[in-house]
Amino acid sequence: MSKPCQIVVLTVLFAALSITDPSAAASPSGHRYNVGDRVPLFVNKVGPLNDPSVTYYYYDLPFCSPDPVIWKKESFGEVLNGDRLTNALYELKFREEKTRETLCQKKLKVAEVSKFRDAVHDDFYFQMYYDDLPLWGFIGKLEESEVFGEKGPKYNLFKHVQFDALYNGDRVVEIRAFSDPNHAVDITEDVEIDVTFTYSVNWNESSAKFENRMDKYTRASLVPIHRKIHWFSFINSIVIIVLLMGLLALLFMRRLKNDMKKCANGDEEEDKEVGWKYIHGDVFRCPPNLSFFCAVLGTGTQLLTLVFILFLLAFFGVVYPYNRGALLTSIVLIYSITSAVAGYTAASFHNQFAEAGWESSVRLAGILYLGPLFVAVSFLNTVAISYGATAALPFGTIIVVLLVCLLVAIPLLALGGVIGYRFRSEFQAPCATKRYPREIPPLAWYRKTPCQMFIAGILSFSAIVLELHHLYASMWGYKIFTLPGILFITFIILIVLTSMLSVGLTYIQLSVEDHEWWWRSVLCGGSTAIFMFGYCIYFYARSNMNSFMQLSFFIGYNACMCYAFFLILGTISFCASLMFVRHIYRAVKSE
């Protein structure tokens, strides 16, 4: 890596570590309380269990509400995450127990009964935050009842919530909420009803450390049986990958050494068998659509840098499950800052072939991913607004995002492009390029691009499919089924496997005198993302998600994620193929 690029990457890293801020503390004293102190409790949202993206404001349902309702001042990431925290009537003072405390007495009108009944029918849950700890509970329960010999649904609304809190010293380390089915009211009929909402609070001492209190949200998802299956699948995947890589390396290196020996011997009869030697004057020819190609490399490098910084933040503990908005804030800020990486990579690679036109490469790098992402987010935001969901971005947040792009991303993109132009260098090709391109002989169907994309994609996808399933389950569920360390190892394995497959397929392509390997290496590497997107459709079909909004969010955001992986893996694949091609032709030239 050149020195200017190292400076850009280090600047991005330190800036990301300095501006990425976890969720604000619940109290100025650092989550420490005396007995009887008020501990912050905020109600957040409600939504159907089967559609995790479809969430509504907590007080959209006629719960007991304070007067007035005060909205918590939320961070940028919390708004992007769809969190809408407000105050509540519940009072859970530190280590102060309560038994059947009355929250409020409310006369539910027919319309309010209907709202609760629809929520119970859709299996709604509620979410709250107590001292920055998330807790969930169900609103009601649907049962089958028999009246006068006829079976029908019975809708029960829970009117009592049991809070079980654990503390260690002067800190809260765990909180759980249970909706008591023994205290429920029948809301099957459309009639007005008087309901007394109550709650209880139990406190117990725990030896759990405050620093580890978020770990339970991961451990709860990895019960012993699932954990064994998880690790068995992961180890099995690694074994398959190692065997496949060993087989490819053995066959590939053996064939390549034979080719090198034939070239070194100088025998004309044997030399004719080495097809890739004859295209030495075309193999380093500038690829078509150079600006677009450079933009792909620039955006892919930017997204790869983004992924590695996110892993680094996860290892430092800045990004972790249920840290409200930290992940989305990190993505927005790091993407904006790493625009300098995209501009530098696109401009520097373009200037290796031509001094003019690098500006168009930089502009394309700026919109290649951000453009489709903007279209997708705009459509999804419109859908969320029509549903009245919390996922809809407020106008002020949209303005902030646009300002970040205009004032941070675009200037840094241009700065990176200027640096790439100023520190430009010529393309180091071991062989001179001929004036006219050599004609490519007819290729069999299995040597063409679609077949090679299928081979590269299915092999790489088969190595990550198990972890991909856990990733989707974590993204579109309520529990964490995978860990950053495992994801990082899987990602490294995917990079290594993509590089090896790209090198092998490029060698096969050159062996049949096909010198147009530039774009094909990108497509073969990125083809894994196509299988990832196909699996996301399969995942949705096997799930219980059913609303149009959930379908839109699932397909839309997964498409954006898979597109990002297409650019990342395509860039990695090309870089691996470029190093390989330079190596073999430099070796032939030296001999």
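## Two helices side by side

Let's start with a meeting between two helices: Q452, A456, L459, S460, A463, I464, E467 and L471 from α13 touch I486, L487, T490, L494, L497, T498, L501, L505, I508 and Q509 from α14. Contact here means heavy atoms within 4.5 Å. Sorted by type, the residues of this contact come to 12 nonpolar, 5 polar and 1 charged. Ala, Val, Leu, Ile, Met, Phe, Trp, Tyr, Cys and Pro count as nonpolar, Asp, Glu, Lys and Arg as charged, and the others, Gly among them, as polar.

Helix α13 covers residues 449-475 and helix α14 covers residues 484-511; their axes come within 9 Å and cross at roughly 175 degrees. Axes are lines fitted to C-alpha atoms, for helices over the stretch in contact, with angles from 0 to 180 degrees between N-to-C directions. Angles over 145 degrees count as roughly antiparallel, and α13 and α14 are therefore roughly antiparallel to each other.

## About the model

This is a predicted model, where local features need pLDDT of at least 70 and side-chain atom pairs count only at pLDDT 80 or more, while totals for chains, interfaces and linings use all residues. Residues are numbered from 1 along each chain as its sequence is written, and side-chain values use heavy atoms, leaving out hydrogens and water.

## The whole chain

The protein chain has 16 helices and 11 strands. Helices (H or I, at least four residues) and strands (E, at least two) are DSSP runs, numbered from the N terminus. Of the 591 residues in the chain, 50% are buried. Buried means under 20% relative accessible area, exposed over 50%, and partly exposed in between (1.4 Å probe, protein chains only).

## Rings meeting rings

Searching the whole structure turns up 47 aromatic pairs. Rings of Phe, Tyr and Trp (its six-membered ring) pair if their centres lie within 6.5 Å; planes under 30 degrees apart are stacked, over 60 edge-to-face, and the rest tilted. One of the pairs is Y57 with W71, edge-to-face at 5.5 Å centre to centre and 85 degrees between the planes. Y57 sits in strand β2 and W71 in the loop between β2 and α2, 14 residues apart.

F63 and F116 have ring centres 5.4 Å apart and planes at 70 degrees, so this pair is edge-to-face. F63 is in the loop between β2 and α2, F116 is in helix α3, and 53 residues separate them. Both F63 and F116 are buried.

Conventions:
Parallel < 35°, antiparallel > 145°, perpendicular 65-115°, else oblique.
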